[in-house]
Protein chains: 2
Amino acid sequence: MPPSDYGAPAGDPELREAIAGYLRRWRGVACGAGDVVVTAGAIQAVDLIARAIIEPGDTVGFEEPGYPLARQALQARGAKLLPVQVNHDGMQVDLIPSGPGAPIFVYVTPSHQYPLGARMPVGRRMALLEWARANDALVVEDDYDSVFRFDAPPLQALAGLDDGGRVAYIGTFSKVLSPALRVGYLVVPPPLRERVEHFKRISDFHASWPLQRALPAFVREGHLERHIRRMRRHCGDKRQALSATLAPVSDVARPRGLEAGLHEFLELDATVDPVPLSRAGRDRQHRPPVLHARQRPGLLLGYGGLTIDEINAGGRVLAATIRAAAAG
Amino acid sequence: MPPSDYGAPAGDPELREAIAGYLRRWRGVACGAGDVVVTAGAIQAVDLIARAIIEPGDTVGFEEPGYPLARQALQARGAKLLPVQVNHDGMQVDLIPSGPGAPIFVYVTPSHQYPLGARMPVGRRMALLEWARANDALVVEDDYDSVFRFDAPPLQALAGLDDGGRVAYIGTFSKVLSPALRVGYLVVPPPLRERVEHFKRISDFHASWPLQRALPAFVREGHLERHIRRMRRHCGDKRQALSATLAPVSDVARPRGLEAGLHEFLELDATVDPVPLSRAGRDRQHRPPVLHARQRPGLLLGYGGLTIDEINAGGRVLAATIRAAAAG
């Protein structure tokens, strides 16, 4: 029987404990149940932070290119976004202004930069935390798909490196289980907790009870971690399939960010126009978004939701179309 | 298997169809699946409307006294709330300003005013719609517990009486199933739909898939309506139990709003201080909130979540405490 009353805005204590344990073991984040707020996916976590922190007109540092939905959530609260260019090591921390022009926080995806796929090295992570300390600012770390890493172990989360309450950490079950579940979590420094819970309450009161009851056992009994290991192998196979189908066109189409996560950025030679390539997708579902990163055109290829057969078939069509476009 | 991709922000088409059918049959609201947005409870519906419509500084008409959580959601968006006094027929529509001082919308609970319990008669409903038409304004109808009506059939929703796209209708499964599910719905006039879906997307993308898949069959196969009929009988018994235990103190404590819904406002004689009465609640769970309505003190007694035994026991303690306070 579902309860006949509302639950706590931060979520079911058992689920919060299960998430905290998972974060300690897998992401090196020293947190307890009381630090975790259960959210409706990562995007609600961004929205709650935006509502809890931003006053209209405040400046927020944002990856360029970055995650469009997070951008919209921050802008909806009236933030002025300061684009910070991304390179092969993620957000270029030395480009973030300090002093009077410093943003109140920066939003980053250090495990697997969205969309370009870079992993931020430890040195740059430390520099980012130092920037936050020096400017009394916050780092919002969106760790949406950190556990999918194939060539190297995931680096410890910024929230695990931080010892000064400078990081708000966002995670989600969207990639490890399903985006359709809409369950994520947020670990915020203690001074922010009350405001975050207030906005959670007026956003939707709390996460849905049946999910909150089902997930703790799933996490606690090790099903989640077994599932992640299985998914890693499975996604590793998908990734290899994608690489193999696109290998014949590697002279004009270079995969970026394949070493982690569930998408790659396929950077195209300047002679290849990505727009007709995107249209060549067999249907709307599999039509890859066109992205222009650092003046280089490319395609964003998400393969987490495709079968290996679909990747093989789609990849061959894409490679042939790229070859034709490069020759034309 | 849950889907490996995100769903539509407005919700699963089958659930939207099931809700539309339910609203046509039970609330006289002529709507189709395309008009319904599935939300995380009624409060998210209020929040989405607030975000879609309100510019900071806009005036919104609000019941006085009214629902505190909705008040907070509207204020969080920067609305200036204009209190409109409530009497035995609900919001006093003739007190809403017209012309330049008119609010951009009014938020009302016409089926069972929260907290005082009044049902707005048809004449006043028509006057409210006429006010909205004359002022090019909107009415936000929160129909949170309309189906629990014991002495008279529920009146048709404002959204059913409206023929000019002037009503945004909010409903929820919180009272008929459980507040812990966090599933509600919003029917908005077509011009607002795109903005509401935008804010749903950046709030939490869409409602959780397992719930969205379970509910349509529950509604379509008639379980919901059978459940409502059973709950009506059951809540009718609870209501009678509450009335009976408090009957001995009816000279100083008058129940209001018992003819519908799952709570009553117990209006107290001016000589009875409600604060110690509230404290006499056996535990925090059952401690009734104190409310001062129209200069009359009282207690808000929610009984939907209590068993009949709990109501009998709690009611007897409350009656004895009231008698002692009145004598003291």
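Guide: Happy to. A salt bridge here is a side-chain nitrogen of Lys or Arg within 4 Å of a carboxyl oxygen of Asp or Glu. Please keep in mind that this is a predicted model. By that rule, the count over all chains is 28 salt bridges.

Let's begin in chain B. The side chains of B:Arg213 and B:Glu14 form a salt bridge, with 3.4 Å between the closest N and O atoms. This pair links distant parts of the chain, since B:Arg213 belongs to helix H7 (residues 209-220) of chain B and B:Glu14 to helix H1 (residues 13-27) of chain B, 199 residues apart. How accessible are the two partners? B:Arg213 has a relative accessibility of 35% and so counts as partly exposed. B:Glu14 is partly exposed too, because its relative accessible area is 34%. Over in chain A, salt bridges with shared partners join A:Asp12, A:Glu14, A:Arg213 and A:Arg220 into one network.

Still in chain A, another pair is A:Glu267 with A:Arg256, where the closest N and O atoms are 3.4 Å apart. A:Glu267 sits in strand E10 (residues 263-268) of chain A and A:Arg256 in strand E9 (residues 253-256) of chain A, so this pair ties together parts that are 11 residues apart in sequence. Are these two side chains buried or exposed? A:Glu267 has 7% relative accessibility, so it counts as buried, whereas A:Arg256, at 33%, counts as partly exposed.

A:Arg71 and A:Glu64 meet through their side chains in a salt bridge of 3.7 Å, N to O. A:Arg71 is partly exposed, with a relative accessible area of 25%, and A:Glu64 also counts as partly exposed, at 26% relative accessibility. A:Glu64 is of interest for its backbone as well: the peptide bond from A:Glu64 to A:Pro65 is cis, and its omega is near 0°. A:Pro65 is found in the loop between strand E2 (59-64) and H3 of chain A.

Helix H3 (residues 68-76) of chain A also holds A:Gln75. The relative accessible area of A:Gln75 is 41%, which means that this residue is partly exposed.

A:Pro115 has its place in the loop between strand E5 (105-108) and helix H4 (122-134) of chain A.

A:Arg182 is not a glycine, yet its phi is positive, at about 60°. You will find A:Arg182 in the loop between strand E7 (167-172) and strand E8 (184-187) of chain A, and its 6% relative accessibility makes it count as buried. A:Phe205 likewise is a residue other than glycine with a positive phi, near 75°. The loop between helix H6 (190-204) and helix H7 (209-220) of chain A holds A:Phe205, which is buried at a relative accessible area of 9%.

In chain B, helix H6 is followed by B:Phe205, whose phi is positive and near 75°. What span should the 15 residues of that helix (residues 190-204) have? At 1.5 Å a residue they should span 21 Å, and the end C-alpha atoms are 22 Å apart, so the two values agree. The buried residues of H6(B) include B:Leu192, B:Val196, B:Phe199 and B:Ser203. An α-helix has 3.6 residues a turn, so residues three or four places apart point the same way.

A:Arg226, A:Arg229, A:Arg230 and A:Arg233 form a positive surface patch. One of them, A:Arg230, lies in helix H8 (residues 223-246) of chain A, and at a relative accessible area of 48% this arginine is partly exposed.

Conventions. Residues are numbered from 1 along each chain as its sequence is written. Chains are lettered from A and ligands numbered from 1 in the order in which they are written. This is a predicted model: local features need pLDDT of at least 70, side-chain atom pairs count only at pLDDT 80 or more; totals for chains, interfaces and linings use all residues. Side-chain values use heavy atoms; hydrogens and water are left out. Patches are made of residues with over 30% relative accessible area and no salt bridge: like charges are joined within 9 Å, nonpolar side chains (Val, Leu, Ile, Met, Phe, Trp, Tyr) within 5 Å. Accessible areas come from the Shrake-Rupley method with a 1.4 Å probe; for residues, only the protein chains shown count as cover. Lys and Arg count as positive and Asp and Glu as negative; His and the chain ends are not counted. The place of a charge is taken as NZ of Lys, CZ of Arg, CG of Asp or CD of Glu. Helices (H or I, at least four residues) and strands (E, at least two) are DSSP runs, numbered from the N terminus. Buried means under 20% relative accessible area, exposed over 50%, partly exposed in between (1.4 Å probe, protein chains only). The expected span of a helix is 1.5 Å times one less than its number of residues.
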